[in-house]
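Hi,

Here is the structure I promised to pass on.

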Amino acid sequence: MASEDDEFTMLFQDFYPSLCRFLECLLGGRAPLAQDLAQESFLQLHRTAWGTLPPGEARFWLYRVARNLAINEFRKSNTRYRLFDRVVEAMRPVARNPEQEYETRERKTLVLEMLQTLPEDQRTALLLREQEQLSYREIGEVMKVSESKVKVDIFRARASLRERWGKRAKTAVSAS
Amino acid sequence: MSCSFTEKISSLIDGELAQAEAREVERHVLTCAECEQVKTDFLSLRSQIAGFETAANPAITNRELNRILSRGDRVSARGLRWGWSTPAIAFATMLVVGAIVGLIWYQNSSNTNPNNVVAHVASPTPPPSVERNDQPQPEASPKEPEASPKETKNPEREPSAKPKKPLVREPKAGEQFALVTEPVDPIAAPERVRPADAQTLTAIHIEKSETLLVAFRNVRLNTATSDAEVAYERKRARQLVQQNMILRREADASGDVQIASLLESLQPILLDIANLPDKPDSNAVRTIRERVERKNIVPLLQVNSAALARALDD
């Protein structure tokens with residue numbers, strides 16, 4: 001039992017921050033909620049599945065459960081953020097001056113808001129790829145979809161974000 | 001994005017293209033300004049998303065981990081809390097089981113035949129085991145006849161019968177009764193953890209038995225009439241016999257070998273005392289006393305009583 005707890009501790013320390021980051025981005029910020037859901041994911045793992053999963057599967061199980069918990073939260077709040085006007089400001093080069101910290105924080109906020117413009121499945125696939133470096137196969141295992149769907153979702157997410165970024169950049173240039 | 005290669009750029013930067021296809025796309029990017037810009041923008045998005053820092057700090061992480069490991073089986077993070085606390089449920093369960101056991105005990109006590117405790121012991125209600133005056137044969141036991149056809153029908157059960165020490169014991173010299181038991185059927189009586197209420201009842205029973213045997217040991221023998229006054233001890237023994245059988249059966253079922261063995265050793269002594277006549281012969285009393293001393297029953301009861309008390313306190 002002590003060794004199981006040790007393994008669980010290692011898994012927790014390895015993936016809890018990543019899971020929090022994934023959920024924060026998925027939820028559009030809301031760090032306390034993200035931590036709550038991350039804790040609940042680990043709690044469910046410890047209570048129901050720990051010791052029964054094949055080696056290496058615990059991580060995918062966690063992300064799958066975390067995503068499902070986040071989807072439940074979406075259904076409760078049904079909130080989406082659309083702030084195209086701020087996308088380009090977040091993407092423009094930032095001068096290194098005393099306001100840099102403020103703009104960095106703003107950029108972080110806008111990344112979250114930008115991600116919220118994507119459909120949930122595209123957002124999830126993109127986050128798992130960019131933040132967790134999961135392969136298309138592994139992402140498909142987490143989301144219970146095919147690799148081809150993962151590939152298409154990731155491409156569409158990137159294309160969508162790039163397009164909005166480009167539109168806003170053109171608008172900003174024409175305004176100046 | 002008009003170029004047909006743009007979708008492949010997404011897979012290229014993810015390392016999901018086959019080697020040959022990846023080289024082809026790389027060569028194309030070198031010659032296509034649009035695809036080169038797409039690749040640059042996709043990588044920029046990646047740096048923005050991957051560079052996102054979570055608000056989780058080490059102090060929060062350790063606190064969450066400790067909460068999960070220490071209380072993970074009983075407490076949930078959100079939305080999964082029970083309406084009743086687990087201790088309340090356990091207490092309610094203990095009350096219900098205790099009431100049922102007490103009711104059974106009361107019913108059995110009220111039907112006791114003062115002239116033949118053993119005959120009542122043979123009543124259908126509890127025991128898998130039977131004590132008889134002079135017939136250690138099973139015909140008085142309601143279960144014994146079933147045992148034979150069971151064993152006949154399912155002989156494969158015998159080889160798979162329990163790995164625990166056998167409970168069958170031959171009557172020893174000086175004993176009035178034989179203890180004939182059946183092996184516990186592991187299929188019919190699966191092992192389980194003894195609930196706290198059974199432990200409580202067992203602890204109380206052991207303490208009462210110990211008190212009885214100490215009192216019996218101190219019974220004054222009338223040297224003039226060669227008899228002894230044991231009415232109180234006999235009455236107490238009759239009350240304890242039923243409870244002893246119930247608790248021994250429960251201990252057998254739950255796999256508590258130590259308690260089952262103790263209660264098994266105690267059973268014939270309780271029966272002997274319970275079946276003493278109104279004015280027993282001093283020699284009969286001495287015989288029982290000697291058996292109690294020889295089996296070291298009283299110290300065993302004291303040790304187990306203390307152990308159960310500690311277990312219940314925990």
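A:Leu27 counts as buried because it has 21 C-beta neighbours inside 10 Å (buried means 20 or more other C-beta atoms within 10 Å of a residue's own, exposed 12 or fewer, and partly exposed in between, with C-beta atoms placed from the backbone). You'll find A:Leu27 in helix α1 (residues 2–27) of chain A. Leaving aside residues up to four places away in sequence, A:Leu27 touches A:Leu33, A:Ala34, A:Ala70 and A:Glu73 (contact means that the C-beta atoms, placed from the backbone, lie within 7 Å). A:Leu27 and A:Phe74 are 47 residues apart in sequence, yet their C-alpha atoms are 7.9 Å apart in space.

Before you read on, some housekeeping. This is a predicted model, where local features need pLDDT of at least 70 and side-chain atom pairs count only at pLDDT 80 or more, while totals for chains, interfaces and linings use all residues. Residues are numbered from 1 along each chain as its sequence is written, and chains are lettered from A and ligands numbered from 1 in the order in which they are written.

Back to chain A. It has 8 helices and 0 strands (helices are DSSP runs of H or I with at least four residues, strands runs of E with at least two, numbered from the N terminus). Of its 176 residues, 39% count as buried. Among chain A contacts with a separation of 6 or more, 66% come from residues 24 or more positions apart.

Helix α2 (residues 31–49) of chain A has 19 residues, which at 1.5 Å a residue should span 27 Å, and its end C-alpha atoms are 26 Å apart, which agrees (the expected span is 1.5 Å times one less than the number of residues). The buried residues of α2(A) include A:Ala34, A:Leu37, A:Phe42 and A:His46. Just after α2(A), A:Gly51 takes a positive phi of about 95°.

Now for how the two chains meet. The contact takes 34 residues from chain A and 28 from chain B. On the chain B side, α1, α3 (33–50) and α4 (58–71) each supply at least two residues, and α3(B) gives the most, with 7. The chain B residues that touch chain A divide into 13 nonpolar, 7 polar and 8 charged (Ala, Val, Leu, Ile, Met, Phe, Trp, Tyr, Cys and Pro count as nonpolar, Asp, Glu, Lys and Arg as charged, and the others, Gly among them, as polar).

Two helix pairs in chain B are worth a look. The axes of α9 (residues 231–254) and α10 (residues 257–274) of chain B come within 8 Å and cross at roughly 155° (axes are lines fitted to C-alpha atoms, for helices over the stretch in contact, and angles run from 0 to 180 degrees between N-to-C directions). That makes α9(B) roughly antiparallel to α10(B) (under 35 degrees is roughly parallel, over 145 roughly antiparallel, 65 to 115 roughly perpendicular and the rest oblique). By class, their contact has 14 nonpolar, 2 polar and 6 charged residues.

The other pair is α1 (residues 6–13) and α2 (residues 19–31) of chain B, whose axes come within 10 Å and cross at roughly 120°. That makes α1(B) oblique to α2(B). Here B:Lys8, B:Ile9 and B:Leu12 of α1(B) make the contact with B:Ala22, B:Val25 and B:Val29 of α2(B). By class, that is 5 nonpolar, no polar and 1 charged.

Cheers

How values were computed. Two residues are in contact if their C-beta atoms, placed from the backbone, lie within 7 Å.
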